[in-house]
Amino acid sequence: MISNTNMNQVLLYASIILASLSFFLCVYACVRVGKLLNSVKGLEWDTVATLTGDIGTIKKSIQTLNNRINGLNSPKLNDELLHYAIKQQNGAMHPPTEKLGG
């Protein structure tokens, strides 16, 4: 069984280790934030916002184009084109040659 003084020593050392670890993690975070602030020091945020909007517009255009291209290769469209070609071969799509109306 652990005595009361041994338990107090374990708790003391555990809290010292935890406090030291927390301190070093805090210093590490501060260093990273400092590096980030130095790297964006001369950045113009209006330009970044404009570029971000332009990139979003371009991504949307590319996505729309890809959807159109994928739609051209769909089996439904191929079946419709085949059906249309068969109708043309059978003469079903020729306009009437006789006069209509008065």
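**Exercise 1. Determine how many disulfides the structure holds.**

Solution. The count comes to zero disulfides, where a disulfide is a pair of cysteine sulfur atoms within 2.5 Å. The sulfur of Cys 26 lies 4.3 Å from the closest cysteine sulfur, that of Cys 30, and is therefore too far away for a bond. Cys 30 likewise takes part in no disulfide. With a relative accessible area of 44%, Cys 26 counts as partly exposed; buried means under 20% relative accessible area, exposed over 50%, and partly exposed in between (1.4 Å probe, protein chains only).

The model is predicted: local features need pLDDT of at least 70, side-chain atom pairs count only at pLDDT 80 or more, and totals for chains, interfaces and linings use all residues. Residues are numbered from 1 along each chain as its sequence is written, and side-chain values use heavy atoms, with hydrogens and water left out.

**Exercise 2. Characterise the aromatic pair in the structure.**

Solution. Rings of Phe, Tyr and Trp (its six-membered ring) pair if their centres lie within 6.5 Å; planes under 30 degrees apart are stacked, over 60 edge-to-face, and the rest tilted. There is one aromatic pair. Phe 23 and Phe 24 form this pair, at 5.7 Å centre to centre with 65° between the planes, and the arrangement is edge-to-face. Both Phe 23 and Phe 24 are exposed.

**Exercise 3. State what share of the residues is buried, and what the accessible surface comes to.**

Solution. Of the 102 residues of the protein chain, 0% count as buried. The accessible surface (Shrake-Rupley method, 1.4 Å probe; for residues, only the protein chains shown count as cover) is about 9700 Å², and 65% of this belongs to carbon and sulfur atoms.
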